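Please consider the structure shown here, together with its sequence.

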Amino acid sequence: MKNKNAVNQKEVCRHRMLLLKMFCMLILISTAPLAFAQSVTIKGNVKDSQGSPLPGVAVKVQGTSQGTLTDVDGNYSISVPSSKSMLIFSFIGMETEKITVGTQKAISLTMKDSSIALNEVVSIGYARVKKSDVTGALTQVTAKTLEERPVQNAISAMQGKAAGVDVQSNNRPGEISNVVIRGTRSINGSNSPLYVVDGVILMGDMNDINPNDIASMEILKDASSTAIYGSRGANGVVLITTKNGKKGKINIDYTGTVTFDVINSVTDWASAGEMLDRYRLANINGGTYKSGSTNYMYPDPAVDLAIFGHSDAATMAAIRSAYDWNSDGTVKTRATTSEEQAAGWPAQVPVYNSGNVPTTDWTKYLTRTGVTQNHQVALSSGNDVSKLYMSLGYYNNKGTQENQGYKRYSVRMNGETSPLKWLTVGVNLNTSLSEQKYGTSYRTGSSTGPNDAYGLALSQYVMAKPYDDNGNLILYPGNNQSLPTWNPLINLSTTDDLTRKLTIQANTFADIKFTPWLKYHMNFGAGYRTSNSGSWQGSGSTTRLKSGLPTTAVASYSTSEVYQYLIENLLYANKTFGKHDLGLTLMQSGQYARNVGSNMSASSIFYDACKWYNLAANSNGKPDSYGTSFSETSMISYMARFNYSFMSRYLLNASLRSDGASQLADGHKWDLFPSASVAWKLHEESFMKSFKWVDELKLRFGMGTSGNSAVGAYSSAGPLAQYAYTWGTTAAYGMIPYNMPNPSLGWEHTSQYNLGLDFAFLNQRLTGTLEFYLSNTRDILMYRSIVPITGYAQIMDNIGKMRNKGVEFTISSKNIVKKDFSWSTDLSVSSNKNQIVELVNGKQDMAGNNWYIGQPLNVFRTYHIAGIWQNTTEDLAEIAKWKANGYTFAVGQYKPQELGTPDYKLTDADKSIVGSTDPKVVLGLTNTFTYKNWEFSFFLYSRLGQKYFSSLLPAGINGTNYVGYGRHVKASDFWSPSNPSGKYPQPSTASAATVNASLTQASYVNDGSYVIVRNISLGYKLPAKFANKLNMKSMQIFGQVMNPFIFGGEVVKAGLNPDDTNGWTSTNSVGESTGGTNNNTIINTSFVAGVRVSF
Amino acid sequence: MKKYILLSLLITSLFSCKDFLEEKSVTTLTQDYYKTAEGLQSLCKGSYQFLRFKSDYNQGNYIFGVGSDVEVFDWSLADRIAMGSYNPSGWDPASTVSTRMTALTNFLIGSLSGGYTEGAYPEIGRCNLFLENYAKLTSTDQTSLVARKGEMLFLRAYSYFLLTNALGDAPLILHSFSGMPSNFNFPKAKMEVIYKQMITDLREAVNVLPATTTETGRITKPAAAHLLAKIYLARAQGANFQNSTEPTLKALYKGSVTTDLDSCIFYASMPIDQLKTTTAYGGLCPNFGTLFTTTSDYARENQKEILLSAQYEPTQTYDGRYGNTLVHLFNSNHTSLRACTPRTLDYGRPYATACPSDWGFDQYTDRANDSRYYKTFLTDYVATATTTSGGKPWDKATAYYYNNYLNPTAITKAVVGAVKLTLGKRSIVYIENSKDQPFDSLWVMSQPYIMMVRWMVGSPNGAGYFNADGTPKAGAMVNPANPVITNTAGRKVMYRISGDYGDQFGIDINTTNSQWYMGPRKWLDQYRGKSTDVNGSGSIDFTIFRLAETYLIRAEAYGRKGDFTSAINDLNVIRKRAAYHAGENRSDVLVTLEPSVITGSLSIPAAEKVAPYAVTTDSYSKIAIDGTEWDGVSAKSVRENYPPTAASTLDRFINFIYNERGRELCFELTNVEDLHNAGLLYDRIYYHDMMGAPAASTGTTAFPFPKDDISKGSIGALGKGKGTLDRKYTFKPWPLVFLQLLTDENNNPLDAATIAAYQNPGY
């Protein structure tokens, strides 16, 4: 990047050099008579940190107007008044150097890159300011960070790079990760931040923006920053600036990566033999390993086949392979040992070796090595009047699961022109076309269960096989027709789904400079997004086969179309009066959005080939159901912002925004969102001057109120619902009321206080930010249950309060800076504490939703387990007391722990909150090493203190009769009479009847903390000489491994992926947590090869 | 200058905000629609939703369809088997998280479901909204909607009826809510007050409703009169408990009006008189079975006997969220038996969540002549799977007995190891025999299908019929002509050992196998899921009232007045129809496999015992009621199995009525509420349902709870109750989640004491 700029600059300079030289000469000549007497000419050469000559560096004599620029080879020559003169070398992206001439005649130097330059410009919403003048809490993510890893969208690239921004992973191609900035505020509404691209609100989603087109992203975190976005700012605002053309010759950049994704299961899976042993043990312990009325205590082929064989050829063959057989078909036996005989075994038992049982690895049939192609070509050019940037991107993620994938084509064009001195007009056009294969997994037999192919694979039986001897798919591997367990491979070719999206967003803008201090800016953005989505279950798919003969296909198709526009009028006034800098921004805007959708579905479709493209191909000649939908919303806003700075040392920023929204009831449509913030640049104070090692020390404080537009269209009006009744077979549609109207519905409000400190020490070697915040959300939109005696069960209302407080810390350190070697470390740490302050009826918990006052939103509340019942007189007496109340427990199974005085009943009072899905600490750590042209980096990401809710009990512990997947477990981990310290209950088929199902959940809460090595990257940049020979300005090649390792506790060891938290907060209808095992339980490890070329 | 022109152009592009922010409702209607006659028509149609409450989904199914002495709770197998039908974790209202029962009652009170607010109070709200808007209409519009008004009055009364049947006293709301009230202070009204309102509403409804309708399913005068009669009867029943010392009985008091029984008879006579000449059976459908056929023309739904039914239709476009879920509820799990009967449209989708108790079968005291037993239960299945894998195979003993004794002339011999089932042939038979008529186990196990019998007996002295080498023991075989072993001396008699795996069914040894029981055929819907989806919604109508019940209501009222002659006349209308009529065929299971028929304890004329078992003589005379059924001493009276608490003739008569209601109406979701209103629910479960009754109960002398000869410890049949029935369960609990939403007049949440006072007795 740095080098590219430099080379780029070189090209630019060749053209401008003549003009500039003449201009400089003119200045020199004009000052020559004054300076002539003592003047000295200094010559030298300026290089960048890579050793390439740096053209265009401004060389200035301090305190004079004398100056020059370096030429294409980095050489300069300048006349200085005296040996006391100081030369100032400055160049964008480099640290400014000041060198006193002294006796030197030649001054050559290598300029250092400035990673955090105080003069950098950042977006703060409706304006760009110098970073040093920022008064609110914001984090910048640069193009360099976005380029670190090939990512589907820029959201993934933010993970661990911006303190306070919690980005959760989502492994499914085409899905967008969940982003929560500074904790959860809204319960029913969205917690996603507002995305603003080049000053205009993003009308599609972040998948529409090619991350390679982004020049920088600023994340506004506190309300003093976000309040200027008023009713939409509460969840934070992400401002995205896309790349633009630069003055100079045409520049062409190509970036391409090829990624090989492989599924990385961290589970140590048990072999089929181990699982068979475990299931048998459970049956023996449960008294169900028997033939007729005879209980067997040892492996017997006939009993095995009867209980586990299920007349399934593969399973029976697998079981038989564990035994030795005589030629006459009888089983070989062996004499038993005396211990075995003491345990009640007969003199001879069958020869058995579970190690001979073959294991079917179902996952290999449903997964593959995914290949992700990511290519982008960008062109930029510019002259004094116009600038242009164009890019074409292609992203294709062929997922690791056979039925998933995501593909995107994106085109961007940014251009602007200044036909007149006072006028600049431009356009930003972004188009994206995407296709997602979601990979719906059609479950059979149960409405819950795995939701992807990998999960389905793990729900199969390890001794069963997908294909019979003739290579045909077996319908029910394991012959479980009553559950039923279908062969998931069937659906790979008999079901399909596809979502196509086309998004076009075009923004045009005009800038008019009336006077140097007064500017008018207009934005007009229009967005159009259409998406269509089809899903198909062919006649041969499992769900269709299950419906009985004859089987026919079902399919559905839906479309949606969003049309939006936005007009903004902005007036900027900036003026300096002595030490006072004043600025005023006024804004007026109007927005409109219109959503139209349709959906249809059909069953009994005659032929499979048409999928969802001919929904009339059934005996009705039309789809079974169809409908259309419509909604429109509009909003008008006014905003004023005032900023003031005194001596560039004391800064004040204040804003006020007023929003009016259509979806709110009459009389409640308008709302005000104020904010104010101050900053004090301590390093500018004279008393700080003595601390030479302090480059920057800025204290900030801000407060403000922002809103969240969680109110859907028409939600305040209390509309009627259509109910279909019938007279005989004649339709009798009726309209009945369903929600109580609420005319006083309004926005959710979040007020936030933020205290921040920015620092830079030791000549920028150590830079960072520390932030503390407290945010209070009120008027939370919730469906409030109302007494149904009113005729209505709920009403949408502004109730509830939520608090988030937290701390964020970011530090960047250049540990080693040498000519050929450097090492830098970036660390970001954040911690947020979320707390429900008030709910419906004030202080009352809403247990039905699993919401408790004073607790985080997503908690787990369960019974408690006090270990395992032992075979002691005390425990047996306790078991008897439970038994008297109707609770059956058994030795070797979980023992409940009552809270308070034991009454031998498991009641709600025995449950308590045991954790939350929220991590206590999120951190990201990047280390970068450079040696000459090599760069090596690795990035660690960690979420600590989050709780995961799901059973980690080894599968098979409850017996049943179908041998499925399970984790490898040491025998000593299971409780048994001879091993009373085993941590898991004794495997037993009787446990289902002896363990209260809700009690078992107490074992479900586990620490989900983890550290993942997100990527390890190695890059090499071709020396400029070689690159030039290849007609390139620069070339960089790199390779990396993404997600190679994950470390964590029980959850990670159990083979679950706590990095993907989708579904963790699911609850059932009575508010009990249902846990997150329904979602992706895998990590994709990826191997990346990439190249960046600039022409 | 140019830039200023440009600017002024742009400034004019500012919006006129008033119009821009106006929200126009494009796709939705608001409540203003109800100011028109058209809107009220529409509101009335939508309000028919509540007629589906009982049949729609679990909330209605469970509250009203299980928990009587004949229909047993089976929420989840583990619950019923391990903890009995009633248990605190299922019923506890104190939990802030709703338990199963409170979740169900919450639905009855009112809850969101599938985009609609369902339940009694939302329905009452719609009725109130209708009546308020109706009052404001022009007189022309009012006239055009007068029948609709009658329907809405009926629906309001029906809503309060279901509500009070489950919960007792409840808030009485007679106005609609147009916005949030200032508080949620809704004290309960006494049932006495609510009943007065229901009676007022229904009397007006009876007056304004037409006698018939062309729109199938509309509420008519007979339906309203039937409900009114039922309500008068319920009030008369409750009057007896005014001074009861038992709180759950005292809570049944609904006022005491001396003319109630006469009013009941008056209004019950209305539909009876209107319809009694429409058939030869007093207006009843001639064949009991016709009411429950699954013919594709849905002929069952058009019987005149049906006074009101919740409507469903086969395309399922207008069937609400779930359709008629009763088509799944009571079905036994035929798929987990090795019977080659996978889940297909032929037989029900096995929810296996509610099943009959033993008394549910035994209440039919003369199965040979009362056709309702074989027309109510699905006694036998036919193999529907072509696959032979997974089917039950012959073993040495059964193949030998089949080939040599049971069917020695068979062309197809039984082969050891081969599947014994044949596609299209009988695959399962359920026999509910008595302990004194057990089948021999070898005979049962050797049938070429799976035979599930309640009582089975082992070989003499447990010696077995075969030697260790598989050869038969000399002279020890069962006489295939006489498999019922009436002399069980020296033999073990076993309760519910299935003909499949040899484990118990219907009792607590194995939760999986306990999904097997003989379920009813009343709701079997072969056209569910639009005839394609075996798991799909049911589309047959749900009968709410039928004329047979009207007769039973009137009979009870007559009997309570001491007029047994009139009561017997009404009961015999029921019996006349229940008999086997000339021209129909008896079931071959009944004639060939029913032990009481084999032994002759129940008689069928010899001529009618020849296939196809055609009936030539109407069997009515065998089952006609003469009054000895409740004399307390006759054999007939003993077979009626009255709870010992029914001490007087009137008590036994009333219990007889509920026995007859059970025989006629079980699985039609009226038993629980009717037994409850009659004050009989607790006693009858206590003495009739082993799985519900507490351990203190051993059943009755005539029908003691079964006891297995083979001890299995604390599991199995022990001769005593295995449940945790308590008197409080006769009322359902108010959910705490509901009570916590209530406030006092000042909008403060209720304190614990007030909440406790609101709750029903015992909870």
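The model is a predicted one.

The account begins with the meeting of the two chains. Chain A contributes 79 residues to the contact, and chain B contributes 83 residues. Between them, chain A and chain B bury about 7,400 Å², with 65% of that area on carbon and sulfur atoms. On the side of chain A, the residues that lose the most area to chain B are A:Tyr725, A:Trp727 and A:Ile789, which together account for 12% of what that side buries. How many salt bridges are counted between chain A and chain B? The count is 0.

Helix α9 (residues 120-135) of chain B has an axis that comes within 9 Å of the axis of α11(B), and the two cross at roughly 150°. Angles over 145 degrees count as roughly antiparallel, and α9(B) and α11(B) are therefore roughly antiparallel to each other. Their crossing is left-handed. From α9(B), the residues in contact include B:Ile124, B:Cys127, B:Phe130, B:Leu131 and B:Tyr134, while those from α11(B) include B:Met152, B:Leu153, B:Arg156, B:Tyr160 and B:Leu163. By class, the contact of α9(B) with α11(B) comprises 13 nonpolar, 2 polar and 5 charged residues.

Helix α11(B) also packs with helix α8 (residues 100-109) of chain B, at an angle of about 155° and with the axes 10 Å apart. The helices α8(B) and α11(B) are therefore roughly antiparallel to each other, and their crossing is left-handed. Here B:Thr105, B:Leu108 and B:Ile109 of α8(B) meet B:Leu162, B:Leu163, B:Ala166 and B:Leu167 of α11(B). The contact of α8(B) with α11(B) has 6 nonpolar residues, 1 polar residue and no charged ones.

Another helix pair in chain B is formed by α21 (residues 547-560) and α27 (residues 649-665), whose axes lie 10 Å apart at an angle of about 175°. This angle makes α21(B) roughly antiparallel to α27(B). Among the residues that meet are B:Leu552, B:Ile553 and B:Arg560 in α21(B), and B:Phe653, B:Ile657 and B:Glu664 in α27(B). The contact of α21(B) with α27(B) divides into 10 nonpolar, 1 polar and 6 charged residues.

Charge pairing is the next topic. Side chains of opposite charge can pair when their charged atoms come close. Over all chains, a search of the whole structure finds 79 salt bridges. In one salt bridge, the side chains of A:Asp304 and A:Arg280 meet at 2.7 Å, N to O. This pair links distant parts of the chain, since A:Asp304 is in helix α6 of chain A and A:Arg280 is in helix α5 (residues 272-285) of chain A, 24 residues apart.

Two backbone features complete the tour. Most residues other than glycine have a negative phi, and most peptide bonds are trans. What is the phi of A:Ser311? The value is positive, about 55°, although A:Ser311 is not a glycine. This residue is in the loop between α6 (301-309) and α7 (313-320) of chain A. In chain B, the peptide bond from B:Ala611 to B:Pro612 is cis, with omega near 5°. B:Pro612 is in the loop between α24 (595-598) and α25 (620-623) of chain B.

Definitions and conventions. Residues numbered from 1 in each chain as written. Chains lettered and ligands numbered in written order. Predicted model: local features only at pLDDT ≥ 70, side-chain atom pairs only at ≥ 80, totals over all residues. Heavy atoms only, no water. Axes fitted to C-alpha atoms, helices over the stretch in contact; angles between N-to-C directions. Helix = DSSP H or I, 4+ residues; strand = E, 2+ residues; numbered from the N terminus. Parallel < 35°, antiparallel > 145°, perpendicular 65-115°, else oblique. Left-handed = near helix turned anticlockwise from the far one by under 90°. Contact = heavy atoms within 4.5 Å. Nonpolar A, V, L, I, M, F, W, Y, C, P; charged D, E, K, R; others polar. Buried area = accessible area lost by both parts, 1.4 Å probe. Salt bridge = Lys/Arg side-chain N within 4 Å of Asp/Glu carboxyl O.
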